[in-house]
Amino acid sequence: ADVAAAESQLAQAAANLDSVQRGAGDAKAQVQHAQLEQAKISLAEAEESLANATLRAPFDGVITAIHVAAGEQASGLAVEMADVSSLELVLSVDEVDIGALAVGQAAVVTFESWPGEEVSGEISAIAPKATESNSAVVSYAVRVRLGATELPARIGMTADADLITDAKSGVLLVPSQAITADREAGTYSVNLETLDAEGKQMFTKTAVTIGLKDGDFTEITSGLSEGDRVLIGEITVAQPAQSGFLMPPNPGSFRQGGAGAGQ
């Protein structure tokens with residue numbers, strides 16, 4: 001209605017100006033010209049008010065929630081919508097690890113709904129500011145864009161992601177559980193299986209240097225060779241019994257390294 005009224009005023013002002021220009025003096029023409037400009041301004045304001053009263057989404061998507069009803073005055077969030085064709089996984093990454101991440105790095109995503117399925121991904125954004133939290137842990141929001149998948153992923157699902165900061169092939173790996181770290185000295189060691197002069201099994205603490213690691217395996221850059229056998233866990237030395245006799249080791253006190261070093 002406001003736009004229609006403004007358009008009517010503009011048309012009337014234009015007609016008045018045309019009439020004056022045909023038979024009146026310059027002073028009256030100037031007044032009518034000013035009225036025409038004012039009518040144009042009123043029309044522009046009415047059109048802007050109409051545009052501000054219209055909700056227009058900045059992208060195509062699916063409406064997921066509506067927070068207003070017809071007849072209400074909306075002062076906050078009115079509608080929520082999402083582009084389901086380009087879902088992203090939002091991760092909370094500790095500040096200790098954030099320095100190793102960069103936009104464009106690859107990721108492997110698994111969903112709790114389909115634990116055996118893996119979906120490729122890519123880091124699309126890293127928050128410049130830490131997430132506000134009452135916890136003493138400082139973390140940053142990292143967004144991972146999902147690759148093409150036939151899984152019916154939905155908004156709000158829980159998922160995990162392995163962020164790949166580096167990759168190597170043809171390297172020597174051992175189970176991470178077999179490695180003992182001395183944090184103060186900054187050294188690493190394994191219990192390497194060897195045989196004594198009589199051919200009996202024994203374990204020798206052997207220093208190693210490590211490289212890349214994931215959740216299960218660690219790269220060994222020196223200290224071991226392919227085919228070596230290492231102990232997973234710790235060797236427990238049996239204590240003397242109260243009678244003074246030495247007791248044999250408890251066979252359940254340690255688990256022998258059935259998993260060897262390999263590529």
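**Figure 1. Salt bridges in the predicted model.** The model contains six salt bridges, a salt bridge being a side-chain nitrogen of Lys or Arg within 4 Å of a carboxyl oxygen of Asp or Glu. Side chains of opposite charge can pair when their charged atoms come close. This is a predicted model, in which local features need pLDDT of at least 70 and side-chain atom pairs count only at pLDDT 80 or more, while totals for chains, interfaces and linings use all residues. Residues are numbered from 1 along each chain as its sequence is written, and side-chain values use heavy atoms, with hydrogens and water left out.

**Figure 2. The salt bridge between E122 and R145.** The side chains of E122 and R145 form a salt bridge with an N to O distance of 3.7 Å. E122 belongs to strand 5 (residues 118-126) and R145 to strand 6 (residues 139-146), so the pair ties together parts that are 23 residues apart in sequence. Helices (H or I, at least four residues) and strands (E, at least two) are DSSP runs, numbered from the N terminus. E122 is partly exposed, with a relative accessible area of 37%, and R145 is partly exposed at 37%. Buried means under 20% relative accessible area, exposed over 50%, and partly exposed in between (1.4 Å probe, protein chains only).

**Figure 3. The salt bridge between E193 and R229.** The closest N and O atoms of E193 and R229 are 2.9 Å apart in this salt bridge. E193 sits in strand 10 (residues 187-195) and R229 in the segment after strand 12 (217-222); the two residues are 36 residues apart, and the pair links distant parts of the chain. E193 is partly exposed at 22% relative accessibility, and R229 is partly exposed at 33%.

**Figure 4. The salt bridge between E198 and K200.** E198 and K200 form a salt bridge whose closest N and O atoms are 3.7 Å apart. Both residues are exposed.

**Figure 5. The largest nonpolar core.** This core has 17 residues, and V109, F111, V142 and V144 have the most contacts inside it. A nonpolar core is a set of buried Ala, Val, Leu, Ile, Met, Phe, Trp, Tyr and Cys residues joined through side-chain atoms within 4.5 Å. Strand 3 (88-94), strand 4 (106-111), strand 5 and strand 6 each give two or more residues to the core. Strand 6 provides the largest share, four residues.

Figure 6. Leaving aside neighbours within four places in sequence, V142 is in contact (heavy atoms within 4.5 Å) with residues including L89, L101, I123 and I126. A second, separate core of 11 residues includes L192, I220, L224 and I232.
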